[in-house]
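Have a look at the model first, then try each task before you read its solution.

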Amino acid sequence: MARAIVYTEFGSPAVLHEIEIPDPVAARGDVVVRIEAAGVNPIDAKLRSRKRPSPDITEPRPVGFDGAGVVEVLGEGVDDFAVGDRVAIRDALGTYASALAIATEKLVALPDAVTAAEGAAIGIPAGTAYQALRSLGVTDGDVLLVHAGSGSVGQFAVQFAVAWGATVIATASPSRHELLRELGAIPISYDAGLLERVRDVAPAPVTVVLDCAGTDEAIETSLALVADRDRIATIVRGPDAASFGIRAFSGGSPVPLTEEELAWRAEALPKTVELLASGDFTIELGPELPLAEAAQAHELMESGAASGKIILVP
Ligand SMILES: NC(=O)c1ccc[n+]([C@@H]2O[C@H](COP(=O)([O-])OP(=O)(O)OC[C@H]3O[C@@H](n4cnc5c(N)ncnc54)[C@H](OP(=O)(O)O)[C@@H]3O)[C@@H](O)[C@H]2O)c1
């Protein structure tokens, strides 16, 4: 038998519980991965609490999209992976589990230099950051403002934009400023008076904004700084973006991601694995909890008490 975290009603973290499930079976084109680490993302909690639209629950609902582990069983027709391969997983519902059957296009091989916890921390955060910056057309002439630059998405956004030659200003709590400086950003606090602080530190006018915070002040500051609304995007305030005249990449937006945007999200996984393996990118890992403590992991994430990516270990 395998183990999985599920919920049968929407609600607080307490609805998450561990159950035994039959060992997953690899259909044609799938492999079974023994999960070594699952990445905990805000969307997992937003779906659990139905803060994001979610269909009625008719059977135990699995949790988690990101993970890493070892290929254990090959389905028919699989020739690009072998039993024993270490892999990172993206966009595969049900990674809060001890094993999962997954289509191979959702996997990328993990080199020895990248740990399972790091592999599990890439899918959604790096995919979102990379796609958003590509959609915004960020290049070396830009001065980019990242709201919530210290978060999982924000840290990848800072690293990609710095690697592409942009100047990056990133908001964070003061205790995270050193980390952002090390990633190559100019850190500033996000409390009241944000607009003035951005203007004080910006070496040239801000040309593009990625909002990973979703606060009113983040949105108002962005609107005051950048006249071209096509160069302001939020990944949090999707439902309100149209009323501000800015772009949204999901985050509850009624506008679905385009095929190109989805392709960029997928492309980010192998690119990020390579950048981690070469030492050009880093990931800030947070607490590791046993799989059975998924509820505590969500409490920790939603309280904002932990820094770095929270990982569940089956
Ligand atoms: N649309 C999408 O496809 C998509 C994908 C991924 C994530 N998201 C959303 O994007 C948001 C960030 O995700 P994440 O995974 O990066 O979360 P995370 O790792 O939990 O980071 C959250 C960050 O928010 C910062 N923060 C807290 N209060 C803030 C405020 N008032 N102003 C500015 N920053 C503040 C925190 O900074 P300090 O720690 O420095 O205080 C923290 O670094 C979440 O709402 C998530 O649901 C959307």
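**Exercise 1: two helices**

Task: Describe how helix α6 and helix α7 are placed relative to each other.

Solution. Step 1: the axes of α6 (residues 194-201) and α7 (residues 216-225) cross at roughly 45° and come within 9 Å. Helices here are DSSP runs (H or I, at least four residues), numbered from the N terminus. Axes are lines fitted to C-alpha atoms over the stretch in contact, with angles from 0 to 180 degrees between N-to-C directions.
Step 1: α6 and α7 are therefore oblique to each other; angles under 35 degrees count as roughly parallel, over 145 as roughly antiparallel, 65 to 115 as roughly perpendicular and the rest as oblique.

A word on the source: this is a predicted model, where local features need pLDDT of at least 70, side-chain atom pairs count only at pLDDT 80 or more, and totals for chains, interfaces and linings use all residues. Residues are numbered from 1 along each chain as its sequence is written, and side-chain values use heavy atoms, leaving out hydrogens and water.

**Exercise 2: the ligand**

Task: Find which residues surround the ligand and what polar contacts it has.

Solution. Step 1: the ligand is surrounded by 22 residues, the closest being K46, S150, S173, Y190 and F249 (a heavy atom within 4 Å).
Step 1: look for polar contacts (N or O pairs within 3.5 Å). A ligand nitrogen is 2.9 Å from a polar backbone atom of I235. A backbone N or O atom of G251 lies 3.1 Å from a ligand nitrogen. In the side chain of R265, an N or O atom is 2.9 Å from a ligand oxygen.

Definitions and conventions
A polar contact is a pair of N or O atoms within 3.5 Å; within protein, one must be able to donate a hydrogen and the other to accept it, and residues adjacent in sequence count only if both atoms are side-chain atoms.
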